[in-house]
There are 2 protein chains.
Amino acid sequence: MSTKDNQPKARLPRGFGDRSAADIRATERMLATIRSVYERYGFEPVETPLIEYTDALGKFLPDQDRPNEGVFSFQDEDAQEARSAEGASGKKGEWLSLRYDLTAPLARYVAENFEKLPKPYRSYRAGWVFRNEKPGPGRFRQFMQFDADTVGAASPAADAEMCMMAADTLEALGIPRGQYVIKVNSRKVLDGVMEAIGLGGDDNVGRRLTVLRAIDKYDRLGRVGVSELLGAGRTDDSGDFTKGAGLSLEQSTQLLSAFLPAPNVGPIERIPADIVGEDDAKIAFGTRSVGATVNDYLLDEWEVNTVSGSPTGAAGVAELREISNVLKAAGYGSNRVRIDGSVVRGLEYYTGAVFEAELTFEVKDDEGRPVRFGSVGGGGRYDGLVGRFMKDNVPATGFSIGASRLQAALAALNKGKAAPDAGPVVVLVMDRERVGEYQALVSRLRNDGVASEMYLGSSGMKAQMKYADRRNAPLVVIQGGDEKAKSVVQIKDMRLGKQLAEGITDNAEWREQRVAQEEVAEADLVAAVKRMLGRTERQR
Amino acid sequence: MSTKDNQPKARLPRGFGDRSAADIRATERMLATIRSVYERYGFEPVETPLIEYTDALGKFLPDQDRPNEGVFSFQDEDAQEARSAEGASGKKGEWLSLRYDLTAPLARYVAENFEKLPKPYRSYRAGWVFRNEKPGPGRFRQFMQFDADTVGAASPAADAEMCMMAADTLEALGIPRGQYVIKVNSRKVLDGVMEAIGLGGDDNVGRRLTVLRAIDKYDRLGRVGVSELLGAGRTDDSGDFTKGAGLSLEQSTQLLSAFLPAPNVGPIERIPADIVGEDDAKIAFGTRSVGATVNDYLLDEWEVNTVSGSPTGAAGVAELREISNVLKAAGYGSNRVRIDGSVVRGLEYYTGAVFEAELTFEVKDDEGRPVRFGSVGGGGRYDGLVGRFMKDNVPATGFSIGASRLQAALAALNKGKAAPDAGPVVVLVMDRERVGEYQALVSRLRNDGVASEMYLGSSGMKAQMKYADRRNAPLVVIQGGDEKAKSVVQIKDMRLGKQLAEGITDNAEWREQRVAQEEVAEADLVAAVKRMLGRTERQR
């Protein structure tokens with residue numbers, strides 16, 4: 001034990017948080033709903049540990065130019081590992097890292113167990129991931145993701161399935177159709193446009209990445225901020241300068257017009273409103289026949305104008321068209337899943353389709369202004385990630401939900417709707433010598449399935465009643481010496497008492513005493529408690 | 001992407017493991033059962049993050065004499081933290097650690113939120129913890145614990161509640177009464193005995209710890225091994241020498257006879273068999289009146305002989321007696337919760353009662369010999385841990401389940417009982433051009449709640465059937481060109497087909513074709529699938 005003079009502070013590092021009972025219960029409900037949708041889609045759970053070899057995870061985080069930045073890493077001290085590591089001397093061994101996402105570990109898992117898995121392999125998992133980044137408001141260094149992945153399927157139908165599953169999940173969680181959209185794009189289309197403006201070839205790998213990162217920041221920085229990052233660079237509010245991609249004004253304009261909606265006019269707003277939504281598959285538009293969707297319209301435009309002359313871009317459009325066709329056949333209109341050029345996704349490992357799940361309803365920002373809730377998840381195709389470990393590449397696609405962020409969205413939607421969880425029945429300790437007897441009362445209740453407890457502190461009756469109130473106890477059981485002599489107990493209905501006390505000011509105390517408290521035989525305790533709990537339930 | 005010449009290996013560091021679908025589902029069921037018992041006891045969930053300041057966790061691990069050994073630690077790179085840390089220079093900041101248990105973080109949480117929590121504060125949580133130790137068979141560096149704690153209750157009734165809750169939890173999980181025992185001891189009794197043999201006082205803190213660690217190893221090393229560790233020291237199989245406590249033979253013998261059962265004769269075996277078990281509360285023994293239990297017998301013996309002359313020891317016995325009385329009142333005989341002198345618990349922070357949940361049924365060890373399954377959890381009173389952060393000490397007691405270990409026990413108990421989980425209905429892709437139509441069939445099934453999927457690979461019919469078999473699919477839906485022309489589908493019952501093929505060798509193929517496959521109208525797909533799934537369920 002430390003001395004009281006030199007004691008540690010009870011505090012958490014920034015970017016980490018504790019979770020309350022209400023948080024945990026709400027998350028459990030949310031995870032159970034997501035699981036049930038994923039199981040209906042034929043996905044099965046598989047989980048990996050939180051620590052992996054650093055080299056197995058690879059370096060695919062956005063905005064991390066220095067090695068190991070963004071990741072919590074440490075050297076293994078397992079002596080046997082150290083001995084087996086080439087060139088290692090002394091006790092320390094290889095580098096280990098906390099996982100920064102659930103995709104890189106899954107790729108390791110699939111590669112390690114490739115022969116024994118069914119292929120295509122559909123799986124899902126929820127788990128904590130870690131980012132060794134600068135924490136900020138709403139920006140945590142530990143957060144939960146819920147991922148689904150299909151490995152071994154090159155078909156765009158696998159990408160379409162991810163989008164449908166994301167849409168079904170949000171609706172199963174109570175987010176109404178029209179208040180979310182699954183946006184889809186393709187890294188190949190993005191590459192195609194970059195080729196078209198002269199950023200093709202191996203020499204431009206770094207620049208292409210800088211461009212993608214710039215577009216990915218559209219939601220946060222807007223059109224002007226992205227333009228700066230495409231050009232010379234941008235100085236943020238804190239004075240930090242980020243070097244830009246160095247595009248010419250013409251290149252930059254071409255890029256922006258291809259992918260980013262004009263100020264305040266998204267792709268949806270640029271076409272007649274009546275073809276958007278549930279019925280868009282039934283409505284003709286322009287040169288398109290009956291059955292065309294907003295997605296078809298956009299893909300036509302891209303094919304003719306945006307990726308013209310780029311084989312990579314054309315391949316991307318063709319894949320998106322296949323995705324669009326599967327979606328139409330399965331009855332998912334572009335009001336649910338929509339092609340959108342502004343979707344990039346920050347992680348480096350994506351190779352084809354990329355997705356983003358966005359909630360479109362408004363919440364208030366820190367300054368009280370209304371803003372779209374925004375992204376709660378995303379994903380895409382990562383055909384190279386499993387192949388890192390293997391002789392051949394293995395096609396794969398996945399979708400990752402930001403569980404904490406989605407939880408916040410559900411809380412915003414359900415604000416004020418959820419009743420606080422009921423606490424246990426509390427048996428007061430009126431006579432310290434008779435602790436065993438009070439415990440016996442509690443045991444009878446528990447054995448019959450009633451959540452209950454004996455007061456375990458050392459305070460008097462008033463503090464015990466306050467405790468019961470704080471615990472949100474529906475009922476309190478009291479047995480003083482007089483009651484013991486008569487073999488009875490008093491059961492006080494805390495909620496009914498509160499309602500009566502609040503509602504009737506005239507002689508409230510007297511009525512409260514009479515109505516909200518019952519004396520019953522000790523032998524009838526369990527039945528009476530159950531009866532009174534039922535009444536409280538009804539009155540809520 | 002790395003080049004194929006220089007690719008990372010797909011492997012995990014030693015001491016870490018992946019979890020299969022069956023593992024995850026079994027664990028989820030187990031955790032749900034534990035939660036339901038804990039909620040019935042009035043405990044509510046609270047969770048802390050996996051990372052804490054190293055100084056907030058403290059150093060209480062057993063067998064770790066060097067600072068930070070046993071714990072995964074790294075320096076914070078959060079610049080703001082670094083600036084605020086006294087004397088820090090450069091970018092690196094304070095030390096962070098992965099939690100090694102769930103108790104130290106809870107102590108930090110309670111101290112940080114002391115004013116707003118109800119007191120006593122009952123809470124529970126499940127989570128991963130990490131030990132930076134030498135891994136071995138069944139010895140992991142990441143494992144799951146499920147903890148319950150009551151903070152702010154000095155009463156031994158709080159300790160008794162932990163023991164009852166542990167017993168109820170094991171029974172709720174299907175472990176029959178008589179196949180487990182919750183063993184209870186007190187650090188104060190242990191200290192009392194050490195006082196009695198001349199190991200009292202501040203000068204002997206280190207030696208007392210060495211003695212406790214030696215006794216704690218009884219299960220693994222047996223009487224001889226413990227004797228060596230109490231004396232000069234012990235050389236293990238690998239040749240490593242552990243220095244002993246340096247007790248004289250007389251001291252060592254006195255200790256051993258107080259706490260450890262004589263070879264092959266536990267405390268239970270030393271007294272008449274008929275007072276052990278369900279009815280022990282009703283049976284007189286020796287000088288004891290009717291109502292005495294095995295626990296009372298042991299405590300009498302300890303009071304008179306074992307801790308004679310030590311105030312600390314006498315206080316420990318008095319507390320154990322209170323625990324015993326609450327247990328008796330609540331109807332928990334010493335066949336469920338038993339006082340046992342060999343219980344120590346390895347962690348340093350315990351100050352009073354200590355518990356151990358032991359499963360007594362036998363399993364086979366690595367060499368095929370029958371051994372008791374052993375400990376699946378433990379805990380105790382840690383009155384100093386919350387007080388590390390505060391002006392005053394705060395009494396607290398808790399119980400921690402080793403979730404992975406308990407899971408293994410349940411698997412051993414239920415061996416062969418659990419049917420493998422059913423996979424999804426698989427819709428085959430007979431014609432790649434009609435992927436959208438197959439997807440539409442799947443969507444109809446999913447929308448009606450049937451777990452189902454379209455085959456997403458690129459292989460032919462034979463491989464698709466093999467895939468469905470590997471997925472444990474109950475039904476397969478097939479629609480080739482002929483079926484399409486007639487607007488029908490074939491539904492093949494995979495399980496029934498297997499049963500028929502296995503059971504009837506005579507003309508099996510013909511019968512299998514007829515009985516296990518049905519042709520239904522495309523419009524009737526969902527109803528037919530549900531009917532056939534029901535039949536499969538019944539036949540299992």
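Analyst: A crossing is left-handed if the near helix is turned anticlockwise from the far one by less than a right angle, and right-handed if clockwise. This is a predicted model, where local features need pLDDT of at least 70, side-chain atom pairs count only at pLDDT 80 or more, and totals for chains, interfaces and linings use all residues. Residues are numbered from 1 along each chain, chains are lettered from A and ligands numbered from 1 as written, and side-chain values use heavy atoms, without hydrogens and water.

User: Does H8(B) pass H9(B) in a left-handed or right-handed crossing?

Analyst: Helix H8 of chain B spans residues 218-230, and helix H9 of chain B spans 249-259 (helices are DSSP runs of H or I, at least four residues; strands are E runs of at least two; both are numbered from the N terminus). Their axes come within 10 Å. The crossing of H8(B) with H9(B) is right-handed.

User: Are H8(B) and H9(B) parallel or oblique to each other?

Analyst: They cross at roughly 140° (axes are fitted to C-alpha atoms over the stretch in contact; angles run from 0 to 180 degrees between N-to-C directions). Under 35 degrees is roughly parallel, over 145 roughly antiparallel, 65 to 115 roughly perpendicular, and the rest oblique. The pair is therefore oblique.

User: Which residue in E4(A) stands opposite A:Glu52?

Analyst: Chain A has an open antiparallel sheet in the order E2-E4-E3 (strands pair with at least two DSSP bridges). Three bridges join E2(A) to E4(A), residues 95-98. Opposite A:Glu52 stands A:Ser97.
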